[in-house]
Amino acid sequence: MTERKISPKSLKNLYQSNKEANQLTKESIETALLFLLEKKELKQISVSELVRKAGVSRNAFYRNYKSKEEILEAYYERTSSNLKKKWHDLQDKVQKDGVKQSFADFVQDQKRKAEQSKTISNVSQWIKEKTKRDYKSRFLLFSLYFCLIC
């Protein structure tokens with residue numbers, strides 16, 4: 001029997017595929033945990049319940065995380081890092097272009113994002129329809145929209 005050799009390109013593709021699958025697993029677990037946290041406290045959520053909601057195995061959970069707390073720590077780090085970057089970028093822009101121009105650019109950028117995203121577009125349409133009927137909800141709906149685009 002001859003020895004089969006795997007080409008470097010095949011190995012690279014396999015590595016990339018595994019990396020993508022691992023990322024999807026992490027995202028599924030994270031999303032499931034955030035969903036469950038809307039209903040109960042972290043200490044009331046079991047790993048079994050979490051993996052069932054995420055649609056992954058316990059092995060997949062422990063291959064990626066040591067605990068439920070680690071998921072929240074990673075989510076917090078990523079979110080706070082993104083917010084810090086956005087804040088610094090905004091400060092730099094305001095320093096360079098001024099507040100008025102920076103705000104105008106921000107609004108235009110958000111409009112472009114909304115046009116490119118079907119979800120944001122649908123929410124935007126719903127907000128427009130809702131605010132025509134109920135002006136009291138305008139601020140809350142705008143806040144929802146802002147959270148989606150940022």
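Is the crossing of helix 1 and helix 2 left-handed or right-handed? I looked, and the crossing of helix 1 and helix 2 is right-handed. (A crossing is right-handed if the near helix is turned clockwise from the far one by less than a right angle, and left-handed if anticlockwise.)

**Ground rules**

I am working with a predicted model, where local features need pLDDT of at least 70 and side-chain atom pairs count only at pLDDT 80 or more, while totals for chains, interfaces and linings use all residues. Residues are numbered from 1 along each chain as its sequence is written, and side-chain values use heavy atoms, with hydrogens and water left out. Helices are DSSP runs of H or I with at least four residues, numbered from the N terminus.

**Helix 1 against helix 2**

I found that the axes of helix 1 and helix 2 (residues 47-54) come within 8 Å and cross at roughly 115 degrees. (Axes are lines fitted to C-alpha atoms, for helices over the stretch in contact, and angles run from 0 to 180 degrees between N-to-C directions.) Helix 1 brings Ser28, Ile29, Ala32, Leu33, Phe35 and Leu36 to this contact, and helix 2 brings Glu49, Leu50, Lys53 and Ala54. Contact here means heavy atoms within 4.5 Å.

**Helix 1 by itself**

I then checked the length: helix 1 has 30 residues and reaches 43 Å from its first C-alpha to its last, close to the 44 Å expected at 1.5 Å a residue. (The expected span is 1.5 Å times one less than the number of residues.) Its buried residues are Thr25, Ile29, Glu30, Ala32, Leu33 and Leu36; buried means under 20% relative accessible area with a 1.4 Å probe, protein chains only. Their cover includes helix 2, helix 3 and helix 4 (68-97).

**Glutamate 30**

Why does glutamate 30 count as buried? Glutamate 30 counts as buried because its relative accessibility is 12%. Leaving out residues up to four places away in sequence, I see glutamate 30 touching Ile71, Tyr75 and Arg78.

**The core**

The largest nonpolar core has 15 residues, and Ile29, Leu33, Leu50, Val56, Phe61 and Ile71 touch the most other members. (Such a core is a set of buried Ala, Val, Leu, Ile, Met, Phe, Trp, Tyr and Cys residues joined through side-chain atoms within 4.5 Å.) Helix 1, helix 2 and helix 3 (58-64) each give two or more residues to this core.

**Helix 4**

Lys68, Ile71 and Ser80 are buried in helix 4. I noted that the buried residues of helix 4 pack against helix 1, helix 2 and helix 3. Just after helix 4, glycine 98 takes a positive phi of about 90 degrees.

Methods
Buried means under 20% relative accessible area, exposed over 50%, partly exposed in between (1.4 Å probe, protein chains only).
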